[in-house]
Amino acid sequence: MRTSIATVSLSGSLTEKLTAASRAGFDGVEIFENDLLASPLTPEEIRARCADLGLTVDLYQPMRDIEAVPADEFARNLRRARHKFELMRRLGADTVLVCSSVHPRAVDDDALAAGQLGQLADLAQDFGIRVAYEALAWGRHVSTYDHAWRIVEAADHPALGTCLDSFHILSRSSDPKDLEGIEDIPGEKIFFLQLADAPLLAMDVLQWSRHYRCFPGQGGFDVAGLVRHVLRTGYDGPLSLEVFNDVFRQAEAGPTAVDALRSLLVLQEEVGRTTPPASVVPTGVAFAELVTPDAGPVSAVLGALGFTRTARHRSKPVDLWQQGEARVLVNTQGSARRDGTGLAAIGLESPDPAGAAHRAEALLAPVLPRRRAPRDAPLDAVAAPDGTELFFCATDRPELPNWRADFTDTGHAEQGAGHGEQITAVAGQGTRDPGVTRIDHLALVQPWHHFDEATLFHRSVLGLHPQESVDVADPYGLMRSRAVTNPDGSVRIALSVGAAPTDDTVHAQHIALATDDVVAAARRFRQSGGRLLPIPANYYDDLAARFEFADGELETYRELGILYDRDAYGEFRHCYTVTVGRVFFELVQRDGYRGYGAQNAPVRLAAQHIAQ
């Protein structure tokens, strides 16, 4: 299907918006009136610019407060409309959006509304223009799509149809039965379809619409369900995005336009209109790669955690540190930022690495160019919205290229400092191996304006399932977080965004390492010279009020800086290392618990601010 986007959905000047839409691959645009009024270009120049970019002008919008008004007001409306229709002819737009009236003098009279819209359509027809009447969710008398259609049907004019807007429809009702009436509208009378998603919020619908819309797949609306109903009518117009969002208006137009088109590609797949390469869900984490100008500090932390440097890349300054199934690459190439160690890449175990790369390309995440020596494994990588490189790879599977074959073993035994020691843990728990078994999850801090994009990217490109978004209190604002996982939890990525656009002080990336005994692991780390993040004593006083512990258990947690939580599925014990550059590590004991310790995040964030 053809795709379109309203210029109000992107930031910048009108020229910048048109360029971004074209480069992303859109077929057309809706030109928002304010964008045209602020442009130094004439309508003819804008028309020519769109043609040069391969864009059609699919809609001019909006005209407001037209119908069901007193005669003197309507006469002024027709005069205004004539001017706009002249402008549209110069612009090359053949459809105008008319929103249901919110005018204080508008009356609740469907017959009057139909008659006046019919007169407006008469005038529009003289200019070769169609009128698409849309019900605003906050319209004074017309606020539902079926009411708007009844008025259009009563007017019975060939140049008058309706515009369906997913936000205005779904913000009023989430009941699937309320959408069934869409199929009673003849497809040729649906002149336009505007799409937007939104998070599920309890707030004034006007403010919700003006500030919190997002692209399909990024919110909580069943946009795909609505589109299926529309397509069953025979509608053959474009799928068009109209998204009012404060963050998108401040973000760079180019990446936003790509994210927007990706949302429509995924939507078309969901409704059965396209068949891109199938999703290939990762089955585990092969490695996490740290880039650093100085390997010393992070190597010391890894050694204290029990990792051993087991191999080195044949042709690059990259060391492989391993413990159990957890693998960390330390890369000292010159691309490292001067502010220290950073999490640069993640290797994702894939049952079909080539298929995963093809899926990514089809959804506008092109495979990154990679310099490779002749004998290096052919690994494909794409860039996540935050810039993290995601490699699709296989470990020790004979039928697939093995990334591990690029490394030469150092000859060291697979054990780190203290590995295999029996260290007494909490009273009553006995002793267990304190070693790290695998990577439990990775936490990636997103640029302030890419949080919604990251959710859609990881869901659509990687096939991961988004969990509910949570807000976490930081000493200097709120931090949003949302985890994405594969079905068995072997891949968990926590996406978060800082409290403000410039807030990157302590929100470093981190690697959470699973262990069967976090107390023993924390003791081993500290005895090996590692520094754990100190946790305030007040936190443990609160724990004592909230939970009951075995004798000596809480004192052990206080001593080591271990945090605790539980949910309906089990218990969670975890602690943190101090930050090295822009990365820190978390030791995690997950006994059935399904979350990420969000209850403890404010304490951790405050402690990191203090430590810095």
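Strand 1 (residues 3-6) runs parallel to strand 8 (residues 239-241), and three bridges join the two; helices (H or I, at least four residues) and strands (E, at least two) are DSSP runs, numbered from the N terminus, and two strands pair if DSSP finds at least two bridges between them. Here Ser4 sits opposite Ser240 of strand 8. This is a predicted model, with pLDDT of at least 70 needed for local features and 80 or more for side-chain atom pairs, while totals for chains, interfaces and linings use all residues. Residues are numbered from 1 along each chain as its sequence is written, and side-chain values use heavy atoms, leaving out hydrogens and water.

Strand 1 also pairs with strand 2 (residues 28-32), again in the parallel sense and over three bridges, with Glu30 in strand 2 as the bridge partner of Ala6.

Phe26 touches residues including Thr3, Ser4, Ile5, Ala21 and Leu241, leaving aside residues up to four places away in sequence; contact means heavy atoms within 4.5 Å. Phe26, Phe85 and Leu195 have the most contacts inside the largest nonpolar core, a set of 86 residues (buried Ala, Val, Leu, Ile, Met, Phe, Trp, Tyr and Cys joined through side-chain atoms within 4.5 Å). Helix 5 (residues 110-126) gives the most to this core, with seven residues. A second, separate core of 72 residues includes Leu444, Val491, Phe549 and Leu563.

Turning to the rings, the count comes to 17 aromatic pairs. Rings of Phe, Tyr and Trp (its six-membered ring) pair if their centres lie within 6.5 Å; planes under 30 degrees apart count as stacked, over 60 as edge-to-face and the rest as tilted. Phe32 and Phe244 are edge-to-face, at 6.1 Å centre to centre and 75 degrees between the planes. That pair links distant parts of the chain, 212 residues apart: Phe32 lies in strand 2, and Phe244 in the loop between strand 8 and helix 10 (253-270). Both Phe32 and Phe244 are buried.

How values were computed
Buried means under 20% relative accessible area, exposed over 50%, partly exposed in between (1.4 Å probe, protein chains only).
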